[in-house]
Amino acid sequence: MINFQYARADDVADAVRRIAAHGNAKFIAGGTNLIDLMKANVERPARLIDISRLPLDRVEETKGGGLRIGALVPNSDLAWHPLVQQRYPLLSSAILAGASAQLRNMASTGGNLLQRTRCLYFYDTATPCNKREPGSGCSAIEGLNRMHAILGTSKACIATHPADMCVALAALEAMVHVSGLTGERSIAFADFHRLPGDTPQRDSNLEPNEIITAVELPARGFAANYSYLKIRDRLSYAFALVSVAAALELDGGNIKEARLALGGVAHKPWRNPVAEAALRGKAADEAAFGQAADLLLRGAKGYGHNDFKIELARRAIIRALTQAARATPQSQSDKKIR
Ligand SMILES: Cc1cc2nc3c(=O)[nH]c(=O)nc-3n(C[C@H](O)[C@H](O)[C@H](O)COP(=O)(O)OP(=O)(O)OC[C@H]3O[C@@H](n4cnc5c(N)ncnc54)[C@H](O)[C@@H]3O)c2cc1C
Ligand code: SF4
């Protein structure tokens, strides 16, 4: 048993002050990831700053027609919120594809962004892992890497970011609002998570003393033509092998605007503006979807056990885009789709 101190923050400024005052402190929100990591001896904070009672639990409309989601809004509340269901069903669908009802009741919006990889070696303190212990090596590159990344990897780490919600937030081009000792700032979702490079211990560009206060969605919600497709080993309660958030705006049979993000394949939700640009102005058909898939997967590389993910991802992208175009977001058995 490793002892730790516990304190409850009174407000956002107090939370920031408290975390800055202790070198080895961590925020705790729903605790569904952090407590597991503490039990496994992977995270060893000397002090927990409980932020779960801060007033960051509201979903509010913004002047620009978007939504501001407080960092402590539980995943369940967000998925079932009427405005999210009406205007951002892609986000609702992605959240409901994750974890279990009980976990979603506890898990917070901010915590979901900062949940850590599910790489088995990261959890196994008897094995080398650069993310857990920088410089110790990566056990997955030559090891059991079926769940691991095929895009944006480095010699130091091939882990994936495990979230579903984040894949939809990437496609919707959300902004992350944070607060720190020097004030507030906003980070575009694409810049929030990092690729591993030679610092895989850093998952995001959040600074150590910063707290996430909210996630903001722009007005454009792609409510008519979207699909979140999650391919996993079991139908529920499993992390994605590959997931796809696909969102289209159509003009007749042609694509006016397209968004495409992948989960389960990289250290962050994977997007490539070139793949999305290639869809604009094209007929919404399998040829265009296949070309976009090839562009999005350009440079994909397997590490042995996960080689299958490259073809799986290609097929999943085409299927998700087809489902989005047909406005059948959850279609499971369309025979025309490979
Ligand atoms: C068995 C199991 C299955 C799961 N399956 C899925 C799945 O299929 N898909 C999926 O997406 N997720 C899945 N999850 C993960 C789950 O969604 C996350 O654990 C959850 O979203 C984390 O939120 P939390 O509030 O509990 O975070 P916590 O555990 O409280 O915190 C996680 C991290 O975020 C930091 N943090 C939390 N809030 C803030 C904030 N506002 N500002 C700054 N730092 C903060 C904490 O310090 C900590 O480092 C699963 C989890 C479990 C246990
Ligand atoms: S893939 Fe990353 S998290 Fe997994 S063992 Fe290698 S360094 Fe650690």
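Q: Between which elements does E173 lie?
A: E173 sits in the loop between α9 (165-171) and β6 (175-180). This is a predicted model: local features need pLDDT of at least 70, side-chain atom pairs count only at pLDDT 80 or more, and totals for chains, interfaces and linings use all residues. Residues are numbered from 1 along each chain as its sequence is written, chains are lettered from A and ligands numbered from 1 in written order, and side-chain values use heavy atoms, without hydrogens and water.

Q: What is the phi of E173?
A: Phi of E173 is near 55 degrees. That is a positive value in a residue other than glycine.

Q: Where does N41 lie, and what is its phi?
A: N41 lies in the loop between α2 and β3 (47-50). Its phi is positive, about 70 degrees, although N41 is not a glycine. N41 has 30% relative accessibility, so N41 is partly exposed.

Q: How many residues surround ligand 1?
A: A residue is near a molecule if one of its heavy atoms lies within 4 Å of it. Here 33 residues surround ligand 1. The closest are F27, G31, T32, S108 and D164.

Q: Which elements supply the shell around ligand 1?
A: β2 (25-28), α2 (34-39), α7 (109-114) and β8 (211-217) each give at least two residues. The largest share comes from α7, with 4 residues.

Q: What polar atoms lie by ligand 1 at F27, D164 and Q115?
A: A polar contact with the ligand is a pair of N or O atoms within 3.5 Å. A polar backbone atom of F27 is 2.5 Å from an oxygen atom of ligand 1. For D164, an N or O atom in the side chain is 2.7 Å from a nitrogen atom of ligand 1. For Q115, a polar side-chain atom lies 3.4 Å from a nitrogen atom of ligand 1.

Note on methods:
Polar contact = N/O pair within 3.5 Å; in protein donor to acceptor, adjacent residues only side chain to side chain. Buried < 20%, exposed > 50% of the residue type's maximum accessible area, 1.4 Å probe, protein only.
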